[in-house]
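This report walks through one structure. Look at the chains below before reading on.

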Amino acid sequence: MNSRRWIWLVWALVLSCYVVPYGLLGQVQAWYGSFLFWFVVGVLVIVANIMITQGFKDESGS
Amino acid sequence: MSTNLIWGAVLIYLVVAVVVAYLSRGEATNGKGVDMSGYFLGNRQMNGFVSALSYSATTYSAFMMVGLAGLTYAGGVGAFGFEIVYFAGVSLVAIFGPRFWAVGKRFGFVTPSEMLGHRYGNGKVAVATAVASCVFLIPYAAVQLAGVGYLLAGMSGGAISFTTGVIVSTLLAILFSYIAGIRSVMWTDSLQALFMIVASTLVALLVVHSLGGFSELFDTLASEHPASLSVPGPGLFSFTTFLGLTIPWFFFSLSNPQVSQRLFMPSSLKSMRQMLIGFLIFGFIYTVVSVLWGFSALVAFPELAKSDLATPTLLASEHVPPVLGVIVMVGILAAAVSTIDSIMLTLSSMLSRDVYANVVADASEAKQLKVGKWVLPIIAILAFLFAELQLNLIAVLSVAASTGLVVIVPAIIGAFYWQRGTAAGALASIIGGGLVVIYLYLSGVKPLGLPAGIWALPVAVVLFVAVSLVTRANRERANEFMETARRR
């Protein structure tokens, strides 16, 4: 069941997708600005989903 | 690029895909006792690998390599952020997927709208959901058809007309969904997905290389188009526009029946996990490739008249060898067709299962299936007519479709998490919310200066909650449903 907590990472990442690029990175006009930020978010979303679905077994589920 | 080369590639693609579609025929979809669940869900026996590829091909369409690349070209890196928020939204599958799967298996649901009708104990909810899905998804399918039209016209320098491209893709979609229902859709999808990702990634790397590599590409962007590397950037992605685009797309995996129906199909939760993770890896690569594509076009051809031409222009340019260019073109054609055939199949299952079976008294499974197969080409023709309108900036149009569908989301979340939700609440949110969205798009009105994409969800939530609170809930049905979803 604990694996479900990882969904909170997803919610936090989604929120950061608005706050960080529009707030902190608005003036950074280079690849290491918003591009890199959203790239890293994408990778972390995959990691979070791997963790959330750890308990998905053959028949019964978590 | 020569017209012969383009037609030759399309022909090879057609032959290979039709062979795969024929090979996919099975007892469940083409046998003697084929029923609705067999034809439209593959008897809930789909494996994880095929499901992952098919989910990817269905979700990602001409929108990515044409629309998203165009959006990046016009609006810069904000397009990437928009797609990443959508991408994060697919995590909803990890939460809702097992629930859909469990109730689908227990109650035998074929469509998500049927599920809502059952949960709220009222067939009208199923009818309203099915009709709303048609109203918004047929334009969305049309967007894909238009994508192919732009692509073929752009790459052949006008030798192949927009209309010819649209007709070709409509016919292919009808063929792939007809041969073996969901099985031919999923198997051709898988083939197309592999083709899409390999070809587009290879060619994107090649283009970036020919423009001097990643550092050169980003250095040029930073010096010549600095605004494209931040938001709001060149102006397209103001914060409110970004919100208006991302909110509906965040809920895409729940609101769009052609993907939420997929949650009924995996043979086990393990297969569902493979479907989700496989899709995410595919989606991330494809997103980055499409964005790099748009950036490359901006560096190579900064003066295009229409941003939707970014991809075809790049593919037809000296940066891409003609044979590779035409391979990617077929990949994009495949991406569009694999989305349209899934939409057509899902909509026809909804119209027969939820509208026809709720209106006609004695609608047996066999009759539903027959109606479903008749409806398929009718939907295709409607989408074709819509595509012929040739509206500009196809990405924005397809977002209008997502905005409309997001009004179904409160009823879906409520079905699993809010016992007090009622049929009247669900109807009010879907019909009322849907009408509000249509009004906002038609009139162009922006209350408080905010676009329809921002208004749709809160309006639907308020209607769902308020009307539910003043009407009587079917507690027994709600308990049974929610209990099944939790147990899984």
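A residue is buried if 20 or more other C-beta atoms lie within 10 Å of its own, exposed if 12 or fewer, and partly exposed in between, with C-beta atoms placed from the backbone. Arg44(B), with 18 C-beta neighbours inside 10 Å, therefore counts as partly exposed.

This is a predicted model: local features need pLDDT of at least 70, side-chain atom pairs count only at pLDDT 80 or more, and totals for chains, interfaces and linings use all residues. Residues are numbered from 1 along each chain as its sequence is written, while chains are lettered from A and ligands numbered from 1 in the order in which they are written.

**The two chains**

Helices (H or I, at least four residues) and strands (E, at least two) are DSSP runs, numbered from the N terminus. The radius of gyration is taken over C-alpha atoms, and the globule rule is 2.2 Å times the number of residues to the power 0.38. The boxes in the table hold the C-alpha atoms and are taken along the principal axes.

Chain A has a radius of gyration of 15 Å, whereas a compact globule of 62 residues would have one near 11 Å.

UniProt, in an unreviewed entry, places the feature "transmembrane region" at residues 7-25 and 31-52 of chain A. UniProt positions follow the numbering used here, feature names are shortened, and annotations may be inferred rather than shown by experiment. Residues 7-25 of chain A are 95% helix, with end C-alpha atoms 25 Å apart. Residues 31-52 of chain A are 86% helix, and there the ends are 31 Å apart.

**Where the chains meet**

Two residues are in contact if their C-beta atoms, placed from the backbone, lie within 7 Å. The contact takes 32 residues from chain A and 30 residues from chain B. On the side of chain A, H2(A) gives the most, with eleven residues.

**Inside the core**

A nonpolar core is a set of buried Ala, Val, Leu, Ile, Met, Phe, Trp, Tyr and Cys residues joined through C-beta atoms within 7 Å. The largest one has 205 residues, and Leu145(B) and Ala383(B) have the most contacts inside it. Among the residues that Ala383(B) touches are Ile138(B), Leu145(B) and Ile340(B), not counting residues up to four places away in sequence.

**Backbone details**

Most residues other than glycine have a negative phi, and most peptide bonds are trans. Asn43(B) has a positive phi of about 55 degrees. Arg44(B) has a positive phi near 55 degrees too. Arg44(B) lies in the loop between H3 and H4 of chain B. The peptide bond from Val231(B) to Pro232(B) is cis, with omega near 0 degrees.

**Confidence**

pLDDT is the predictor's confidence in each residue, from 0 to 100. Chain B averages 90. Its lowest mean, 67, is in helix H19 (residues 394-405). Over residues 392-396 of chain B, pLDDT stays under 50. Where pLDDT is low, the predicted coordinates should not be read in detail. For the complex, the predictor gives an ipTM of 0.93 and a pTM of 0.91.
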